[in-house]
Amino acid sequence: MVEHGDIRVVHRGGIARYCRFLCERGIFCCCRFLLCGSGYEVKVFSTSTEECIHDLRAHTDLVTGVLLRPSNHLQAYSCSTDGTVRLWDYTDVCNRLMFAMMCVFAEFQLVAVHLPQSGDQLVEAREFSAVLSDVSSNPAATSFGRGGEYIASAKGLQLEVYFFKKQKPYRFFLKEDNKKGGKNTFTCLACHPKDDCIATGHEDGKIRLWRNFNHKKEYTYTTLHWHHSAVSSLCFTPEGTNLLSGGIESVLVQWRYNQESQRDFLPRLGAAITHIAVSPDGALFCTSHSDNKITIIRSSIQVSAVIQGLVKGDSVRTDLMVDPRSKALVLNGKPGHLQFYSLQRDKLLYNLDIVQQEYIHQSGLEQFEVVKAAFDAYGNWLATVEERKQKPTELELNLKLWAFDEQTQSFMLNTTISAPHEARITAMCFCHSTDSQTTVLVSVSKDGHFKAWQLAPATHTEGPSWSCDFVGAYHSLVPECCCFSADGSLLAVSFQEVVTVWSPASWELLTTLSQPPGAIRNLCFGQLTCSKYLLGTTDKNLLCCWNLLTCSLEWSTSMDVSLLLSDPFSENMAAFCCQAGCTDLFVFKPSEPRPLFSHKAVCLGKVTRAVFAPREKMLESCEETSQWLNHSQLYFVTQYMVNTQHNELVISDSVAMTPFSVLLGKRSQQEGQEAASSLLAERTQLPQGSAAVRELLQTPAHVLPSTSFLCSMFVESLLISKQIKRKEKKAAQYTTTSLWLNNTLCPKLSRQKPSLYCPTPILHD
Amino acid sequence: MASFKPTKIPIYPKLGEKVTQDTVYWKNYKAPVQIKEFGAVTNIHFSPVAPHNYAVTAFTRIHIYGPFSQEPVKSFTRFKDTAYCGRYRSDGQLLVAGCEDSVVRLFDVSGKVALRMFKGHTKAVHVTDFTSERYHIFTGSDDYTCRLWDIPNATELNTYQEHTDYIRCGVTSKLNRDLFITGSYDHTLKLFDARVDKSVITMDHGQPVESVLLYPSEGLVVSAGGRYVKVWDLLKGGQPLVSLKNHHKTVTSLCLSSNGQRLLSASLDRHVKVYNTTNFRVVHNFDYAASVLSLALAPDDESIIVGMTNGVLSIKHRKSPEESKEVSHQQRRRPSYRVFVKGKNYMPKQDDYLVSKPVREYLTKYDKHLKKFNISKALDSALQGPSKRKPEVTVAVIKELDRRGTLKNALAGRDEKALSELLHFITKNMVDFRFAPVLVPAANMILDIYRSVIGQSPVVDRQLLYLQDLLQKEINYQQELLDVLGMLDTLFASSVPRKELLCSSSSRTNGLAQGETASTARPELQAT
C-alpha cells in the first residue's frame, strides 16, 4: 500500500449530505430557527437568511426524529437509530446532554419511557412500558392527541387510539377498497391540538377527520378529497384553525377546520412534499421536499425562503461536467433541469430549465429527461439531449443547443433539433480545439450513425443556428463512444470492437484501430504532451493505449475498467476498476503503463460518473502520489448502497482539507473521545496558520461566532502540543484501507463528519 | 412559487421555397387583372415611349391598352384573318402586324386604317419587326422566306430563302440597322445581314424554335424551342453557352427584366420561370391557369402581362411601396397616443419611493385550462377560437395532453358536434408529416373510444369513411415513394465508384438523396 499522504475521500452534498434530511422531520423552534435531522446530525437553520447556523452532532447513526421540549422551547430532543435520545440546547452552543438510552421504535413497537431526572450527562432509561405493539415504521403515522391525553397510531387499514387515563386502546378498521376502488390504507396522521379530532391521510388521496373516537361503535368521520395520490404529510396549525396537507402533487393545501370547503393552495413547490411542520406561533410553515429542499412559507401562503442543497434527482443520467466559465459542477437536477453547483462555495448556483415544459407531479408518468449534455471549450455553447420514451417505438428525442448570453449571464436556447437521430444518443462531444473558428458537435447514436453538427452562419432573417454537417457510419456497426483529440484535429469513434479515427476537417476516415475481442467501453485521448496517445477500454478487461503516430498498440494491460477519464489540465488519466463490490482508483500517464497513484477500495459500489474539476489555486505538493491533484480535484458519483434501500447520490472528493477545517477539526479532537481523536490525528499535518486566518476572514461574518470566542481557539490551534504528536504516531499505524472503511461504514468512528467545506464553523464546547 | 410554463408551440421549418431577395421582389405584385380576349393571345408588345401602352395581338384584332386601363384604349380590327405579331416602332408612332392572309399591315397608332399593306408573302406572316433605323420592316412567313421592306415606298428590298420550314420568330437588332435573327421550325436560328444576301451565322437549336430574344448588349441571343431554352454567344460565332431545361412542355415566349439581370420564360406547361442570368438558375416561378403563349414585362418591371391559350390576358401590377408596407401595419394596432404615454412621462423625484407593478403573465385560453387541469376545455379552446387557423397550436396542445397522460379523457365524452369538429381537424391535418406522429395515436384513441356508437350519427360516419379513404390514399402514396426510393438507391449504388476503404461516402450521398426525395421522416431543423 502506498503511503497515504493526505488524500482522502470526502462526501459532499451541500446542506443535506446524502440527501438525507428528506426523511427526517424538520421542526421549528421558534420563528427564527428551523431544526432538521440531516444524516448523522441535526442542523439548525435561520429562517430568514437560509444559512445553516449550527450542526448538532453527537449521534452516531441516522437521526430519525427531532422534537421540541414542551416545557422549554429552547431545548429539543433528537432520536437516532443508534439507540439514543439526546437533548439539545440549540440556541446556545449546543450544551449537549446525552440523556437516555432507549429504543423507541424497536421492532416498531411503541413504548413509553420514563425519563429519569438526573444531572448526569449519560442516563440509561430502564423503565419501559409498551403502549402499542405493531405500529407503522413511518413516524408520521403516530401522533399525540390533545394535551397528551391519548396517542393515535395508524398502520395498514387500522387506526388505533390509546387513552392514557383509561389505559385502553380503541381500534377502528377500514375496508380495503371503497366502492370506487380507492385504496384506504393509512399513510399519515395528525391530531387536533385543541379538539378531539384526528385527521388521517390515505393512499388514494383522501383525508378523513375522525371524531367521537372514544366510543367503540359511535365514532364518525368526514372525508375530504383533493389530492389525487397518497397524502404524505398532515399537520394542524397550533391553534387548530387550519389543517395543512401535502403529497406528490407538490401542492400545499390549507384546509379551514370546520369549513373544509374553503381551501388555499400553494402550487408548484417543485417536488413532492415529504413533510410539513408549523412553527409554535403558527407564523411559518415549512415543507421538506423529495429533492433535498426545505421551503419556508408564511402563514399567508407565500414562500419566504428556500433552503436547497444539491438537488437530488432520480439518477444522474448526464455526465458530470464542469462549466468552463463558472467552474461549477453541472449534472441532472430537478426533473428536466440541469443544476449548476459551485464546488468552491458548496452551493447551488442555479437550475437551467432544459425541457421548458410544465412538470406534472404524478407517479408513473413518462416525462422528458435530460440524458446528455456537453460544453464546448470556452463555455459558449451547451448542447443537451432530452428524451422521453413512452413505448419502445415512440422515442422522442430533442437536441438543444444553448448559447451563453453575456447580458443575462445565462444560457439561451439557440437551436432545437427534434429527432436528431432515430435511436438513443449514446455519446456527444464538442470539438475542444481552442483555435478553430467553427465549433463542431458530434453525436453518436444507436441507429448506427454519428452526426456532426456545425454552426451555420446567420442569414438575413435569423441569427446563426446549428445544422447537420456530416453523417458517418462504419460497416453498419453500432457506434458507442466518441472523443476529440486535444487540438481538435482528430475524432475517434468506436464501433463495437473497432476504433475509427476521422479527420473533422475533411470527414475522411484516416485509420482504424482494433483489439478484439470485446467492444470498446471508454475512449479517451491523451492531453498535453501525451496527445499522441489514444486510450480505450474494452468490456473484456483490457486497457489499450494506441500511439497515433505509428498507428500501433503502445501497451495494453488487463484490468476491468468501468470508467476512464482524462484530466484536461494535466497528462494524467484516471481509471476506476470495479472489483468485488468495491472500486479501485488508478491514476497514470498514458506514456507509461505504471500507475502514479493507486487506491484500493475508494468506495463501495460502482463509480458511474466522474470528472476532474480545476482548482482555484494550484497546490504545490511535491509528494509524488499527490502531485496529480495539484491542478484539479477528482469528483465521482457511485451507486452507493449502504444502509439505505435506494441508490443514493454520493459525491466524493479526494482532496486535502482546507486549513480552516483543520483548525477547527483539531479542536474537536482535543476534547473528543479517544477512539475518534486517534483517527482525526490524520489531519494534523497542519498547513500554515496564515492560510487558516485567510479562511477565517473569507467566511461570512454572520455565521461566525464572536471574535473573543474564536481568539482563544485560534491561538490554541497554533500551538503544537506533545499530546497530538503522540497521537499522530498512533494514527500512522492505521492502514489507509481501514480508514476508508471506517469513514464509510462504521458510523461510530465518523464523528468528524465531513462538512468541511460548509462555511459554518463546527463549534463544540 | 415558479409560475406556470405555457405550452410550447414548436416552430416548424417553412415548407417550400426559401425566401430570397428574388422571391420578395417577384412576389411583390398585386392580384392579377384578367381580361378576356376573343382568342388565344399570341403576342404582347410594349410601346418604347411613355406612357408605355401595349399592343395585344389576339385572334383577328390588336388591342392597345394603357398602363392602368382595363379597357382597350384602341383597337385595330381591319384584319381579314388571324393577326400576328403586332409590334411598335422605336418611336412608338407606328405599329406593324402580320396576318394569316399573308398581308403585312402598317398602322399609325392614332389612326384606324392601315397606312401601308405589304403584299408578297404567299403564306401566313407570323413575324414582323421594324429595323433600328426605323424605315424598314422585316417579316418572316410560313412560306419559308423572310423579307425586308421599305416603308415609304412599300416595296420589297430583299428576300432570304434559307430556312426549310415555317419561320415563327425573329427579332431585329436595336444597335445595328442591318442585322436580324430568325428562328424557324427547321430547328435553326439564322443571323442575317442586310448588306449581304445570305445568313451570316446559323445555330442549330435542336427543336422547332418558338421564340428568340437578343440581349441588350446583343452579344448573346436566347432561343426557345421544345422544352429547351438555349443561350448562344454571337461574338464567338454562335457557340452554345447554356441549355436550360426547366419546363416540361414547349417554351413559347421569352422576355428579359428591365435591368437585364433576370430572364423570364413562359411555357405551355402553364408556368413562367425567372432565371438569374449570371448562373442561369431558376429563382422564381409563376403559375397560371392555362398554357402561356405570350409574355411581356413593362419597363421597370412595373407589370407582368401574360397571354394564354384560353384568350385570357392576365395583368399583374407591382405594388406601390406604401401598399407593400401596409400589410405589416395592419397587424399592429396600437393604443392611442394618450393611452400609451399615460403616466409614462412622469419623472420620479429624488425621494420618491418607486413601487413596481408586478408583471402580469398572460396565458392563452388553452393554457389557462391546462393550468387548472380542465383538459377537455383546453382541447376545445385549442380547436376553436383564434388558434383554429394554426394547426401547430392544436397539435401542440394534443401533444401536451398526451404527455400528461390525459389525452384519452380529453377526447372522450363528446357529443356529435364536438366530435365532428375534432374529426374535421384530424382529417385535415393527419397526413401532414409534421403532425402525423401526434395525430395518428389520437385518431386511434378516438376510434377506440367511440367504437360503440359508430352508426348512430350520419355526420360522424361520413367523416370516419372519409378518414378511412384518406388513410388508404396516404398508404398508397407512401408505397410509391418507397418504390422510387428503392429505384434511386439502385441508381446511386451503381453510379458511385467502388471505393473499398470507406463506406461513409456512399452512406452520405445516400442520406442526402433520401432527404431530398422522401421528405417524410427526415430530421428537420427548427430555429428558435
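Trainee: Which residue in S45(A) is the bridge partner of A:Leu523?

Mentor: The partner is A:Gly536. Keep in mind that this is a predicted model. The pair belongs to two strands of chain A: S44, residues 520-525, and S45, residues 533-538. They run antiparallel and share five bridges. S44(A) is also mostly covered, with five of its six residues buried.

Now a sheet elsewhere in chain A. It is open and has four strands, in the order S12-S13-S14-S15, with antiparallel pairing. Strand S12 (142-144) and strand S15 (168-173) stand at the edges. Each has a single partner strand, so one side of each is left without a neighbour in the sheet. From one strand to the next, the twist averages 15°. As for what holds such an arrangement together, strands of a sheet pair through backbone hydrogen bonds, either parallel or antiparallel.

Take S13 and S14 next. S13 of chain A covers residues 150-155, and S14 of chain A covers residues 158-163. Six bridges join these antiparallel strands. In one place, A:Tyr150 stands opposite A:Phe163 of S14(A).

S14 of chain A also holds A:Glu160. Is this residue buried or exposed? A:Glu160 has a relative accessible area of 5%. The cut-off for buried is under 20%, so A:Glu160 counts as buried. Its contacts, leaving out residues up to four places away in sequence, fall into a few stretches of the chain. A:Leu132 and A:Ser133 are among them. A:Phe213 is 53 residues away along the chain from A:Glu160, yet their C-alpha atoms are separated by 9.7 Å.

Last, the confidence values. For the complex, the predictor gives an ipTM of 0.75 and a pTM of 0.67. Chain B has a mean pLDDT of 86, and 90% of its residues reach 70 or more. Residues 501-528 of chain B are another matter, with pLDDT below 50. In the model that stretch still has 55 contacts beyond near neighbours in sequence.

Conventions:
Residues numbered from 1 in each chain as written. Chains lettered and ligands numbered in written order. Predicted model: local features only at pLDDT ≥ 70, side-chain atom pairs only at ≥ 80, totals over all residues. Heavy atoms only, no water. Pairing = 2+ DSSP bridges. Axes fitted to C-alpha atoms, helices over the stretch in contact; angles between N-to-C directions. pLDDT = per-residue confidence, 0-100. Contact = heavy atoms within 4.5 Å. Buried < 20%, exposed > 50% of the residue type's maximum accessible area, 1.4 Å probe, protein only.
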